[in-house]
Every structure is written in C-alpha cells, then in structure tokens.
Amino acid sequence: MGYDLRATFPDMEEEPEDPEMKEEAVTEKELMNELKRFYVEKFQGNVLREFYPEGGVKSETEIREGRRHGRHREYYENGKLRLRGKYTRNLRKGTWKYYTEEGKFDKKEKY
C-alpha cells in the first residue's frame, strides 16, 4: 500500500519507464542470489548453504577450519532430500543415502 502522489498533485506526469533502471535491478538481484549461494551462518558450527537461483536450498554442509566436516545434505529443486552423508576433513565418510525426486529411498554407498 503506497502513497499516490497524483492524488495530491493531479497535474503531475508519470515518469516514463527507464529500461536501464530495470537492467540495474536485474543485475542487483543476480548479485544478491550469488551472495545467497555462498552465505555461511552459525548453526552448531559453520554451515555452508548453496541456493538454487529461485531461492530454494540446494545443499547444506557443515564446515570446520575451512573444510567440509560433518553433516551434508543436498536437495532437489522441489525441496525434497536428494542425498545425505557426512564429511571428515573434506572426505566422504560412512554411509551416504540417496533418494528419488519423490522422496523415496534409492540407494546407499559406503565410504
């Protein structure tokens, strides 16, 4: 709900649309999406989150001392879990489980 200046100033002309402004807005939005992809936040240690261009979470990985260390999850664009596993010093460890796009268990691999 915004304030309509034309109600106060009826002779005011509407500004023509500036394509350059639209282009700048798109570029700024792309930059923000890029930043989201590499956003790191505190969550029982550090968690690196990657995002799809539309904003959904693509993956979450626990980080320690700059390396992948701890839980790792990847998601489909529809938000369902794609795989889960653990890293130890940047190496896959233990059992990794994979799921279909419908959310059903598909297979597992041991590392």
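Predicted model: local features only at pLDDT ≥ 70, side-chain atom pairs only at ≥ 80, totals over all residues.
Where does Ser59 sit? Its place is in strand β3, which covers residues 57-64. Is Ser59 buried or exposed? Ser59 counts as buried because its relative accessible area is 3%, and the cut-off for buried is under 20%.

Two of the contact partners deserve a second look. The side chain of Ser59 makes a polar contact with the side chain of Glu50, at 2.9 Å. Glu74 lies 15 residues from Ser59 in sequence, yet their C-alpha atoms are 4.2 Å apart in space.

Now step back to the whole protein chain. It holds two helices and seven strands. Of the 111 residues in the chain, 19% are buried, and Ser59 is one of the buried residues. The accessible surface of the chain comes to about 9,300 Å², and carbon and sulfur atoms account for 50% of that surface.

How much of the contact set with a separation of 6 or more comes from residues 24 or more positions apart? Such pairs make up 5% of those contacts in the protein chain.

Strand β5 spans residues 81-88 and strand β6 spans residues 91-99; the two run antiparallel and are joined by five bridges. Strand β6 is also joined to strand β7, residues 105-110, by five bridges, and this pair runs antiparallel too.

To find these pairings in the structure, look for one bridge in each. Lys86 has Lys93 in β6 as its bridge partner, and Tyr99 has Phe105 in β7 as its partner.

| Hairpin | Residues between the strands | Residue with positive phi | Phi |
|---|---|---|---|
| β5 and β6 | two residues | Arg89 | about 50° |
| β6 and β7 | five residues | Gly103 | near 95° |

In the β5 and β6 hairpin, then, Arg89 is the residue to look for in the turn. In the hairpin of β6 and β7, look for Gly103.

Notes
Residues numbered from 1 in each chain as written. Heavy atoms only, no water. Helix = DSSP H or I, 4+ residues; strand = E, 2+ residues; numbered from the N terminus. Buried < 20%, exposed > 50% of the residue type's maximum accessible area, 1.4 Å probe, protein only. Contact = heavy atoms within 4.5 Å. Areas by Shrake-Rupley, 256 points an atom, 1.4 Å probe, with all protein chains shown as cover. Polar contact = N/O pair within 3.5 Å; in protein donor to acceptor, adjacent residues only side chain to side chain. Pairing = 2+ DSSP bridges.
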